[in-house]
Amino acid sequence: MKKILKHREILLLAIIAIMIAGFASRAQGFAAPGNLANIFNDTSILIILALGQMTVILTKSIDLSVAANLAFTGMAVAMADAAYPGLPLILLVVMAIGIGACLGAINGYLVWALQIPPIVVTLGTLTIYRGMAFVLSGGAWVNAHQMTPTFLNFPRMPLLGLPVLAWIAIGIVIGAWFVLTRLPFGRAAYASGGNPTAAVYAGIDIGRTRFFAFVLSGALAGLCGYLWVSRYAVAYVDVAIGFELDTVAACVIGGISIAGGIGSVGGAVLGALFLGVIKNALPVIGISPFAQMAISGIVIVLAVVFNARAERRAGRIILRDRAAPEISA
Amino acid sequence: MPLRTQPIGTESTSVTVPILEMRGISQIFPGVKALDGVDIKLYPGQVTALIGENGAGKSTLVKILTGIYRPNEGEILIDGKPVAFAGAQAAIDAGVTAIHQETVLFDDLTVGENIFLGHAPRTRFGMIDWRAINSRAKYLLQALESEIDPAIRLRDLSIAQRHLVAIARALSVEARIVIMDEPTAALSRKEIDDLFRIIEGLKRQGKAILFISHKFDEVYEIAENFVVFRDGRAVGQGRLRETPQEDIVRLMVGRDVKDVFPKVEVSIGAPVLRVEGFCHPTEFRDISFELRRGEILGIYGLIGAGRSELCQALFGVTRRSAGRLTLEGQPVDIRSSSDAIAAGIVYVPEERGRHGLALPMPIFQNMSLPSLSKTSRGGFLKAASELALARKYAERLDLRAASLSVPVGTLSGGNQQKVVIGKWLATRPKVIILDEPTKGIDIGSKAAVHGFIGELASEGLSIIMVSSELPEILGMSDRVLVMREGLSAGLFDRQQLNAETLVRAATGNT
């Protein structure tokens, strides 16, 4: 499977390359290094969120509250920065991660202790967190002129040819790879989704594993709250609305199984880049914004169909095996 | 053998023609011949009991008759005409219906909907005719002497009432051949009496009934004819009235056990595990035994006797409600599977796929999963030591795989079982609990697993082996705990072991 998976990641990479080449033939300079770096920078937030989402999906759960979490945290740090311009940026970033992690912990706790299905929990907290952002701000916007220059400029500061935002994404990718492949928590996440019962039998606490997956996803969403608000230089209640679906789509395109237990960091990153390339390319090649959403949607459905076919192949092995135990049943 | 295929006639009618006849039916699965040239005849107005150990091929036969499997060889005749079932619906159309052990019904639909699901009467306009559903359901239930209201939801019925609904559903398709697969397993004695009255009614209507049960008293009460299955063959059939129970037990067990399992003599050491008064709120009560070093304790019983539940409680997956556990003289309190693993008790579950393995994960990661605390250093996973661990046990178990990095899901059943066993051995346990260790694997792998179990015992590991296969229990165990309906039905030493004693203890026929 590792081979197939690797194979699949290479395939996805090839598709992205072909897409870029295709768009470049229609729009001059699309494939220029500067523009590619731009696309990567544009996709950074999606990459970070998709990695959190992926960890949650690996454990056979889903986190639909990431975008609402981002909106609330972004609003909170933007208001803090506006009200107390003297606060150091590092404190605000830690605050964003902390608030995000707490909101994630609420999801995780409800899933773990009260055994509520994750989709129900996060569908509920999606509305709650967004509502909290509304209550916090009273519906008001925090605009660029209210924020301090450091707060606004840090993510776009160039560093070795790339903005800090892109470097943060690269750091998170390496960190996520390390957590998922080198720490017992990562293994527990794969096992909890791959076969929850077997994981319990092997002494793994699936509830706790899911809890920490939600905390991780929440913390990354919180970090993205700051990144989003500073990048777009505005905070309001409807920030990133519907963006949770983009994170799920990135995972699905990247070959992360919605049933849990299958997927890689590379896949999630490529899935996010795939969406990023399309989003950046469609306006460039002059497709009407009305058609853009439909085209993105069609591409996502095609990716899901592609994945479903791959999973069915794996399913056949399981079925073939099931015939044997049935003899003695 | 005097019991083989005697002619069957009834006193009332001089000539009886079978409704259904199976001739030379064989069903082959990869590596296993589940049914081997089986002949069966079912007669109108008569009950034929199908008797056999777990794994003898009863379920396979039911699946062939209900159109789920297509036999590799042989033919099925209904009223003397050969038929071939293309699927479940074809079997129903031919008048064959089955009532399964666990009723397959829908809790949130009404009784009437359950009865007519899939063949609901329609109105002239093609809409579902609710009035007809309810009146016909009521009529069917009344024929079964029941006053259940067809409009209430199934959720609100008792288990026995649900059974009635399942029977009504079976009869709603005008079946002439009714298969009952252990219908009494979940019923009380009074409910069984009601069921038997219904069966008598079905007999009077001229239906042919195939009745599968483990319980001899019931079989003798309700059935006219019997067929005994063993290892996929019909080893005896005839009329029950002329056949004493001992003969049937002998047919069921059949083979000479000692030749198949050359038991390794192991010197049995000091007590390792002592279990006292283990109880569970619903599954078992007051189980006590002792396990010594190098000993194999077999746990035998029918399905549903509470054996697996007992083992799961020992392993901490389910919580006991009372009872004490002593390991090497020290009292231990096991509250979770990680406690059990830490104490040195491991459990190799019955259902590999469901309990044992994460199929998408590589072999070595499955093997190292319960031993991660040993293979990782400073809180980081070390792939190299995981692979070393996996390689060691893969070699020991003669695991055949292209690479230890391929997903477990790509392996055959026998090799998957080796991964499960290897994964638990790698935790270096003191006590290993094997739940149906050879279920669903082919004969060759079975022998290898048995040899390996003997080897483990000779190395001083204490083994608890749950099995429904008598030969395996008789051949491998030093002592046997028999469970029946959640209670201990006796603890037998190797000297006392024989098939009849164990079957009697397990079925409650003394």
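Here are a few friendly notes on this predicted model, from confidence down to single residues.

1. Confidence first. The model comes with an ipTM of 0.75 and a pTM of 0.74. In chain B the average pLDDT is 83, and 91% of the residues score at least 70.

2. Where pLDDT is low, predicted coordinates should not be read in detail.

3. Next, the domains of chain B. Domain 1 covers 1-95 + 175-254, domain 2 covers 108-173, domain 3 covers 256-344 + 430-510, and domain 4 covers 354-428. Where domain 1 of chain B meets domain 2 of chain B, the contact takes nine residues from domain 1 and eight residues from domain 2. Which helix gives the most to the domain 1 side of that contact? Helix H6 of chain B (residues 189-204) does, with three residues. By class, the domain 1 side has eight nonpolar residues, one charged residue and no polar residues.

4. In chain A, a helix pair is worth a look. Helix H3 (residues 66-83) of chain A packs against helix H4 (residues 89-113) of chain A at an angle of about 150°, and their axes are 9 Å apart. The crossing of H3(A) with H4(A) is right-handed. On the H3(A) side, the residues that meet H4(A) include Phe72(A), Ala76(A), Val77(A) and Asp81(A). Among their partners in H4(A) are Leu92(A), Met95(A), Ile99(A) and Leu103(A). Sorted by class, the residues of the contact of H3(A) with H4(A) are nine nonpolar, four polar and one charged.

5. Leu49(A) sits in helix H2 (residues 33-58) of chain A. Is Leu49(A) buried or exposed? Leu49(A) counts as buried because 33 other C-beta atoms lie within 10 Å, and the cut-off for that label is 20 or more. Leaving aside neighbours within four places in sequence, Leu49(A) is in contact with Val66(A), Leu220(A), Ala221(A), Cys224(A) and Thr247(A). Met147(A), 98 residues apart from Leu49(A) in sequence, is 24 Å apart from Leu49(A) in space, C-alpha to C-alpha.

6. Over in chain B, Ile40(B) belongs to strand S2 (residues 32-42). Ile40(B) is also buried, because it has 21 other C-beta atoms within 10 Å. Not counting residues up to four places away in sequence, Ile40(B) touches Met22(B), Val227(B) and Ala234(B). Ile25(B) is 15 residues apart from Ile40(B) along the chain, and their C-alpha atoms are separated by 9.0 Å.

Conventions:
Residues are numbered from 1 along each chain as its sequence is written. Chains are lettered from A and ligands numbered from 1 in the order in which they are written. This is a predicted model: local features need pLDDT of at least 70, side-chain atom pairs count only at pLDDT 80 or more; totals for chains, interfaces and linings use all residues. pLDDT is the predictor's confidence in each residue, from 0 to 100. Domain bounds come from an automatic or database domain assignment. Two residues are in contact if their C-beta atoms, placed from the backbone, lie within 7 Å. Helices (H or I, at least four residues) and strands (E, at least two) are DSSP runs, numbered from the N terminus. Ala, Val, Leu, Ile, Met, Phe, Trp, Tyr, Cys and Pro count as nonpolar, Asp, Glu, Lys and Arg as charged, and the others, Gly among them, as polar. Axes are lines fitted to C-alpha atoms, for helices over the stretch in contact, and angles run from 0 to 180 degrees between N-to-C directions. A crossing is left-handed if the near helix is turned anticlockwise from the far one by less than a right angle, and right-handed if clockwise. A residue is buried if 20 or more other C-beta atoms lie within 10 Å of its own, exposed if 12 or fewer, and partly exposed in between; C-beta atoms are placed from the backbone.
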